[in-house]
Structure formats: structure tokens, C-alpha cells
Amino acid sequence: MPVKPLEQAKSRLAAFAGAHRPRLALAFALDTAAAALAAPGVARLLAVTRDAEAGALLAALGAVVVADEPGTGLNAALAHGAARAAGLAPHAPVATLSADLPALRPDELARVLSAARPLGRAFLADAPGLGTTLLACPPGGALRPAFGPGSRVRHAAGGARELLLDRVPSVRRDVDTGADLQEALALGVGPHTAAASAALV
């Protein structure tokens with residue numbers, strides 16, 4: 001799970017959240033991590049971040065913090081984290097998860113991971129259907145992340161199988177805008193996001 005330095009994270013939320021933007025970004029990551037760690041089938045969660053505050057709080061939740069992020073963009077960070085995960089458990093599948101899924105439900109994440117396992121390299125599109133919130137690969141496989149705007153098309157073109165699942169809205173609902181946050185709140189967010197969102201009122 002990649003976590004940008006908080007002062008740089010969620011820049012598209014600036015107009016909506018103002019000075020609360022870094023707090024929201026941290027809250028999203030903490031709620032995402034807590035839900036992921038509670039999901040059946042998740043052995044460990046690696047958080048790739050150079051942010052000391054986020055790293056300390058994520059470690060307190062039980063995440064393995066990968067602090068030596070290469071600093072050359074999101075996909076490089078994800079590839080670095082995947083390599084570290086493979087080193088810790090060479091015979092286990094690996095998946096990367098967006099850090100801005102504050103409504104994430106452990107049971108829904110477990111369904112997605114279970115569906116991905118027999119497909120090999122597979123991905124789940126975000127709620128708008130343009131991006132990607134999860135990318136998985138089999139043991140010993142190459143993750144080959146291609147995140148960023150339009151990543152759904154890139155991942156499909158790169159040979160990853162798209163997961164076409166119903167009833168997993170919490171795994172699709174990443175948050176980049178105020179409207180996204182309202183949709184996440186309607187789904188029901190974790191305690192950190194609930195508290196950070198209340199401060200916006």
C-alpha cells in the first residue's frame with residue numbers, strides 16, 4: 001500500500017478540505033490499512049512510505065513499513081513494495097491496494113483477493129471505471145504496476161485480467177474529490193476518516 005508524504009497527498013482535495021487535506025489523507029490510509037489487516041487471507045500489509053508520521057501510525061496498526069521508498073513515483077514505489085513482499089514470502093501471491101479506500105470492508109477485500117487468485121495477474125477498477133484500486137499477481141509473478149489516470153486500460157492492455165465483481169463497492173471507492181468522499185461517507189467509513197471528516201464541518 002503506497003502512502004505519499006502527507007503534505008503532498010490528495011492534492012485534488014485541497015479545494016474541498018483546505019488545511020485539513022493532510023489529515024484526511026492520513027485518515028484514509030489508516031482506515032484502509034486497518035480494514036486490510038482484518039481481511040481473511042491477508043498475511044501481512046506492507047506500507048511503502050517516506051512519511052515518518054504515517055509510517056509510525058501504520059506500524060502501530062500492524063503494518064510492515066517500507067521506508068526506503070525509491071522516490072521516483074507511484075509505480076516505482078509499488079514495484080519496490082512488491083519486491084519486498086516477495087522477499088518476505090516467496091511462495092505467496094502479492095497485491096497492491098490504494099491507500100485511499102476509507103470505506104473498505106474486510107469481507108469485500110477478501111472476496112476480491114479470492115477471485116484474483118486463480119486468474120494470475122488481475123486488477124479491480126475503481127468506481128468510475130477509469131482507474132485501478134487493486135492489482136494482484138501470483139507467487140513469483142511480476143506485478144508490473146501502471147497506475148495513474150486511465151490505469152484500467154493500461155493494466156488490461158498489459159495482460160492483467162479485470163475482476164468483474166458485484167457487491168464490492170468499498171474496494172472500488174477511492175477518494176480523490178469532495179464528491180468521492182461524500183460517496184465513501186455514505187458507504188460508511190472507518191473511525192479515522194469519520195473523525196477527520198467531522199472536523200470539516
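**Close-up 1. R167 in the loop between strand 6 and helix 7.** In this predicted model, R167 is found in the loop that runs between strand 6 and helix 7, the latter covering residues 169-172. The phi angle of R167 is near 60°, which is a positive value in a residue other than glycine. Most residues other than glycine have a negative phi. With a relative accessibility of 64%, R167 counts as exposed, because exposed residues are those over 50%.

**Close-up 2. K10 in the segment before helix 1.** K10 is placed in the segment that comes before helix 1, a helix made of residues 14-17. Is K10 buried or exposed? At 18% relative accessibility K10 counts as buried, because the cut-off for that class is under 20%.

Close-up 3. Four strands make up an open sheet, in which their order is 3-5-4-6 and the pairing is mixed. Strand 3 (94-97) and strand 6 (161-162) stand at the edges, and each has a single partner strand, so one side of each is left without a neighbour in the sheet. Helix 5, residues 106-116, packs on this sheet and touches strand 3, strand 4 (122-125) and strand 5, while the direction of helix 5 makes about 45° with that of strand 5. Strands of a sheet pair through backbone hydrogen bonds, either parallel or antiparallel. For strand 3 and strand 5 (residues 132-137), the pairing is in the antiparallel sense and extends over four bridges. Within this part of the sheet, L97 stands opposite L134 of strand 5.

**Close-up 4. G141 in the loop between strand 5 and helix 6.** G141 belongs to the loop that lies between strand 5 and helix 6 (151-157). With 36% relative accessibility, G141 counts as partly exposed. The C-alpha atoms of G141 and S98 are separated by 20 Å, and these two residues are 43 residues apart along the chain.

**Close-up 5. The crossing of helix 2 and helix 9.** The axes of helix 2 (residues 21-37) and helix 9 (residues 191-198) come within 7 Å and cross at roughly 160°. The two helices are therefore roughly antiparallel to each other, and helix 2 passes helix 9 in a left-handed crossing. On the side of helix 2, the residues that meet helix 9 are R23, L24, A27, F28, L30 and D31, and their counterparts in helix 9 are P191, H192, T193, A196 and S197. Sorted by class, this contact has six nonpolar, three polar and two charged residues.

Key:
Residues numbered from 1 in each chain as written. Predicted model: local features only at pLDDT ≥ 70, side-chain atom pairs only at ≥ 80, totals over all residues. Heavy atoms only, no water. Axes fitted to C-alpha atoms, helices over the stretch in contact; angles between N-to-C directions. Parallel < 35°, antiparallel > 145°, perpendicular 65-115°, else oblique. Left-handed = near helix turned anticlockwise from the far one by under 90°. Contact = heavy atoms within 4.5 Å. Nonpolar A, V, L, I, M, F, W, Y, C, P; charged D, E, K, R; others polar. Pairing = 2+ DSSP bridges. Buried < 20%, exposed > 50% of the residue type's maximum accessible area, 1.4 Å probe, protein only.
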